[in-house]
Amino acid sequence: MLEAFQLPFMQRALLAGLLVGGLASYLGVLVVQRRLSFLGDGLAHAAFAGVALGLLLRQEPLWVAIPFAVGIALLITWVREQSSLGDDTAIGIFFAVSVALGVLLISLRQGFAPDAVAYLFGSILTVTPTDLQVMGLLALLMLLLAPLWRYWAYATFDRELALADRLPVLRHDYLLSALIALVVVVSVKVVGVVLIAAFVVIPAATARLISQTFAAMTVSAILIGTLSVLPGLVAAYTLDVPAGSAIVLTQALLFGLALALRR
Amino acid sequence: MAAPAVEIEQYSVRFGEFQALQEVSLEVPEGAFVAIVGPNGAGKSTLLKALLGLERGSMRDGPTRVVGRIRVFGHPPREVPPGWVGYVPQVKGFDRSFPALAIEVVVSGLRRHWPFRIGREERRQAAEVLEKVGALHLANRRLGGLSGGELQRVYLARSLIRQPRLLLLDEPATGVDVVGEADLYRHLEAYQAERGATILMITHDWEAAQHHASAVLVLNRRVVGYGPPEKVLCHECLSQAFGHVGHAHQVVLGGR
């Protein structure tokens with residue numbers, strides 16, 4: 001089995017999985033605790049529309065998808081703040097618009113539907129060095145922003161108390177949704193549009209079941225998110241099944257275990 | 001002369017079509033204990049939030065229009081050092097699903113952000129203030145497992161740990177039994193005696209308010225009455241304010 005990870009594409013797959021798993025789970029803790037689980041799905045589909053646009057313009061899809069998805073994330077947050085519509089409604093609208101736009105863009109030019117479909121389901125075994133560099137930069141950015149965890153956690157615990165203590169909660173909301181969009185976009189290549197929400201939600205939900213404190217929930221979510229990548233990849237390699245599916249099913253297995261074992 | 005703890009002049013708040021507060025004017029001297037009574041929807045919570053600088057917290061109810069002037073210790077609410085003000089929100093607003101220990105909630109009141117780890121000195125301070133409100137045994141309990149009364153104590157400790165000059169409490173006695181309520185007043189009075197703090201507290205229990213507060217504010221979007229309890233909550237004053245007393249009691253007591 002070990003020799004599999006001497007293959008460069010398997011090494012890249014492992015590294016990409018660890019980075020994406022860790023990043024998505026870290027932000028997933030905030031997403032789950034703020035009851036925004038649907039946001040991962042919505043932004044994944046925004047990323048899909050961005051990818052379709054990039055393919056249409058013959059650009060590297062990532063460079064088009066990133067600004068597109070971040071823009072949609074900021075718009076969702078703006079609509080949530082400005083209107084009395086629920087979070088799920090605001091997300092649902094942009095979700096639908098993104099899918100409609102993505103499908104429309106794909107139909108505009110013949111021949112690239114297969115490329116776009118690859119993004120729907122992801123292909124962790126075809127991760128390029130460029131993909132890895134972008135993920136690494138994003139991980140570095142998240143490390144630099146780690147001191148903000150305490151404010152994000154405080155506003156998640158009680159938005160009103162955070163506001164009363166002069167925390168710029170709204171600014172943090174925009175920053176967070178932009179970061180979530182970034183993580184979702186760079187993950188889409190690896191996990192696929194259909195499954196990225198699982199990377200955001202399942203490890204965090206599992207961590208929630210076994211943690212007494214928010215700090216413990218954050219740390220265990222990152223551990224679960226990264227650790228489930230290895231068995232998932234091994235299963236993908238040995239059983240010749242899609243890696244994204246294998247990883248998500250591993251995460252789900254851990255969730256089931258936590259559910260069964262919790263006190 | 002030092003500025004009063006709270007000065008409100010001709011203050012009105014409107015959420016969309018809803019007039020929450022209308023031309024409220026009052027002054028609270030430092031060291032006072034003011035009980036705020038009034039029916040549901042009378043703007044009591046809106047008034048407390050205005051003192052915290054939160055009246056424009058959300059656009060979700062439609063555009064908020066605010067006129068008038070508020071000063072807390074001589075400053076506009078948003079410019080008061082946050083450590084000067086302690087706030088205990090309504091118990092029904094608490095999110096119990098947040099994974100946290102009681103001691104973390106208390107320490108967050110000191111740090112004004114969420115603790116990843118709690119240092120030894122913070123732990124000592126938190127234990128001290130939890131003990132004062134009779135909740136030391138709750139320190140390492142999970143938030144989700146606490147009763148309403150226990151939560152109130154933890155949140156009271158959270159607001160007291162920063163040793164505020166002004167303490168704002170939104171119905172802290174709701175969901176608390178009679179013994180718990182007597183305890184609450186005891187803790188508040190002890191803190192006030194220790195620090196000379198000013199307390200504004202929303203309550204539905206005007207009898208308890210009468211015994212403990214130095215002043216009562218009867219609010220029904222406007223100031224209906226404000227002054228010493230025996231003057232404000234007397235039969236005649238209420239009937240004067242509301243027309244007849246049966247109705248007045250209903251209004252003041254929120255249907256109780």
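**Notes on the predicted model**

1. Interface. The contact between the two chains draws 21 residues from chain B and 24 residues from chain A. On the chain B side that touches chain A, the residues are twelve nonpolar, three polar and six charged. Please keep in mind throughout that this is a predicted model.

2. Helix pair in chain A. Helix 1 (residues 8-33) and helix 9 (residues 169-191) of chain A have axes that come within 10 Å and cross at roughly 145°. The crossing of helix 1 of chain A with helix 9 of chain A is left-handed. Helix 1 of chain A contributes A:Ala16, A:Gly17, A:Val20, A:Leu23, A:Ala24, A:Leu27, A:Leu30 and A:Val31 to the contact. From helix 9 of chain A come A:Leu176, A:Leu179, A:Ile180, A:Val183, A:Val186, A:Ser187, A:Val190 and A:Val191. By class, the residues of this contact between helix 1 and helix 9 of chain A are 14 nonpolar, two polar and no charged.

3. Nonpolar core. The largest nonpolar core holds 168 residues. Those with the most contacts inside it are A:Leu43, A:Ala47, A:Ala69, A:Ile180, A:Val184 and B:Val106. With neighbours within four places in sequence left aside, A:Leu43 is in contact with A:Ala69, A:Ile72, A:Ala73, A:Ile180, A:Ala181 and A:Val184.

4. Chain B overall. Chain B has nine helices and nine strands. Of its 256 residues, 43% count as buried. Among contacts in chain B between residues at least 6 apart in sequence, 66% are between residues at least 24 apart.

5. Three-stranded sheet. Chain B has an open sheet of three strands in the order 2-1-4, with antiparallel pairing. Strand 2 (18-28) and strand 4 (64-72) of chain B are its edge strands, and each pairs on one side only. On average, neighbouring strands of this sheet are turned by 5° against each other, direction ignored. Strand 1 (residues 6-15) of chain B pairs with strand 4 of chain B over eight bridges in the antiparallel sense. B:Ser12 stands opposite B:Val67 in strand 4 of chain B.

6. Six-stranded sheet. A further open sheet in chain B is formed by six strands in the order 5-6-7-3-8-9, and its pairing is mixed. Strand 5 (85-88) and strand 9 (222-227) of chain B each have a single partner strand, so one side of each is left without a neighbour in the sheet. Neighbouring strands here are turned by 15° against each other on average, direction ignored. Strand 3 (residues 33-37) and strand 8 (residues 215-220) of chain B run parallel and are joined by four bridges. B:Ile36 stands opposite B:Leu217 in strand 8 of chain B.

7. Helices across this sheet. Helix 1 (residues 44-52) of chain B lies across strand 3, strand 5, strand 6 (166-170), strand 7 (198-202) and strand 8 of chain B, and runs at about 150° to strand 6 of chain B. Helix 4 (residues 148-160) of chain B lies across strand 5 and strand 6 of chain B, at about 170° to strand 5 of chain B.

8. Backbone points to check. Most residues other than glycine have a negative phi. A:Arg58, not a glycine, has a positive phi of about 60°. A:Arg58 lies in the loop between helix 2 (37-56) and helix 3 (61-82) of chain A, and is exposed, with 9 other C-beta atoms within 10 Å. B:Gln10, also not a glycine, has a positive phi of about 45°. B:Gln10 lies in strand 1 of chain B and counts as exposed, with 11 C-beta neighbours inside 10 Å.

Terms used: Residues numbered from 1 in each chain as written. Chains lettered and ligands numbered in written order. Predicted model: local features only at pLDDT ≥ 70, side-chain atom pairs only at ≥ 80, totals over all residues. Contact = placed C-beta atoms within 7 Å. Nonpolar A, V, L, I, M, F, W, Y, C, P; charged D, E, K, R; others polar. Axes fitted to C-alpha atoms, helices over the stretch in contact; angles between N-to-C directions. Helix = DSSP H or I, 4+ residues; strand = E, 2+ residues; numbered from the N terminus. Left-handed = near helix turned anticlockwise from the far one by under 90°. Core = buried A, V, L, I, M, F, W, Y, C linked by C-beta atoms within 7 Å. Buried ≥ 20, exposed ≤ 12 C-beta atoms within 10 Å, placed from the backbone. Pairing = 2+ DSSP bridges.
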